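Here is a short report on a protein model. Look through the structure, then read on for its pocket, its rings and its core.

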Amino acid sequence: MAESVPVRCPACRREHLFAAPSYPCVCGAPVTPPLDRLADPAPVTHRTWDEDWVTVPCDTCGRADQWPHPELGCPCGVMLRIPVRGVRRPLRAEVVPGTGAPADLETEPEAEAAPHTPEPPPPGTAATTPGSPLIPDHLPLPRTTPTPRPEFQPVTIRTARDAVTAAALYLRWLGYRDIRRADQRPPSGIGLAARGMLAQVDPTVRPATLRDVECLWLTAMSESTGCVYFSLAGYADDARGRADALGIPLFVLDLTGTPQPVNTHADELLATGA
């Protein structure tokens with residue numbers, strides 16, 4: 001059960017009882033941002049990606065992921081950002097200097113192993129030292145069966161922000177990392193970017209148009225990356241036809257927060273992942 005804290009609106013002085021929403025970790029355990037009872041809520045006057053998301057660790061598996069910053073809409077019209085404690089920002093992964101690896105993936109240095117002296121080959125056999133014509137310098141590793149992904153844990157869509165959250169969670173579930181707001185704003189909806197993928201999320205009640213699909217494809221081509229479209233209301237017939245021709249996966253977001261594939265490109269992305 002999520003903790004509830006009293007929240008007083010600084011504009012109208014009305015008091016509310018607020019409980020932070022929980023989100024599903026990939027391990028299946030619920031993750032709830034811890035609320036700070038000692039700090040005052042702040043009105044949201046403008047939005048930035050880094051302030052809209054917080055990094056919260058899972059109490060069960062210890063995995064740290066990004067989740068929407070808790071917010072409360074007061075009846076007076078003010079949107080309040082509820083303070084949280086013990087979390088990190090921004091959404092972009094912190095990089096260990098000189099390694100290019102995220103800080104939360106940094107491993108402990110390995111213990112120094114004793115030098116190994118290779119044994120001489122048996123009499124009558126050729127030496128198999130690196131660089132010899134008998135043994136290549138690099139042997140390809142045997143192909144292994146990919147680890148199956150856990151079951152996707154959706155987030156119920158009630159607002160446009162929930163639709164963006166559902167798409168971001170789905171991209172992460174597919175294997176994409178460093179999910180953030182796209183640098184270029186699309187003509188409609190919200191743009192998300194990850195390593196090797198550009199996504200457009202359309203939370204409106206109108207079907208995505210041919211222009212929407214073509215603009216996404218052109219932006220992805222200019223950035224030499226793949227692209228995918230998430231729409232809450234589906235797609236116009238000509239938009240679906242152009243997406244099929246351009247190789248763009250199309251998904252429809254149902255109200256449970258589970259993206260449903262619309263074309264064969266989406267089926268292939270769902271099967272292979274990142």
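## Basis

In what follows, Ala, Val, Leu, Ile, Met, Phe, Trp, Tyr, Cys and Pro count as nonpolar, Asp, Glu, Lys and Arg as charged, and the others, Gly among them, as polar.

This is a predicted model, where local features need pLDDT of at least 70, side-chain atom pairs count only at pLDDT 80 or more, and totals for chains, interfaces and linings use all residues. Residues are numbered from 1 along each chain as its sequence is written, and side-chain values use heavy atoms, with hydrogens and water left out.

## A pocket

A pocket is found on a 1 Å grid over the protein atoms alone: it is an open set of points where a 1.4 Å probe fits, with protein on both sides within 12 Å along at least five of seven lines. Lining residues have an atom within 4 Å of a point. The second largest pocket has a volume of about 390 Å³ (the space filled by probe spheres set on the points).

This pocket has 16 lining residues; Pro21, Tyr23, Thr156, Arg158 and Asp162 lie nearest its centre. By type, the lining of the second largest pocket holds 8 nonpolar, 4 polar and 4 charged residues. Helices (H or I, at least four residues) and strands (E, at least two) are DSSP runs, numbered from the N terminus.

## Aromatic rings

Rings of Phe, Tyr and Trp (its six-membered ring) pair if their centres lie within 6.5 Å; planes under 30 degrees apart are stacked, over 60 edge-to-face, and the rest tilted. The whole structure has 7 aromatic pairs. One of them, Tyr170 with Trp173, is tilted, at 5.3 Å centre to centre and 35° between the planes. Both sit in helix α2 (residues 160–174), 3 residues apart, so about one helical turn separates them.

Tyr170 also pairs with Phe230: the centres are 6.2 Å apart and the planes at 80°, so this pair is edge-to-face. Phe230 lies in strand β13 (residues 226–231), 60 residues from Tyr170. Ring pairs join Phe152, Tyr170, Trp173, Phe230 and Phe251 into a cluster.

Which is Phe230, buried or exposed? Phe230 is buried, at 0% relative accessible area. Buried means under 20%, exposed over 50%, and partly exposed in between (1.4 Å probe, protein chains only). Tyr170, at 2%, is buried.

A nonpolar core is a set of buried Ala, Val, Leu, Ile, Met, Phe, Trp, Tyr and Cys residues joined through side-chain atoms within 4.5 Å. The largest has 46 residues, and Phe230 is among those with the most contacts inside it. Helix α2 gives the most to this core, with 10 residues.
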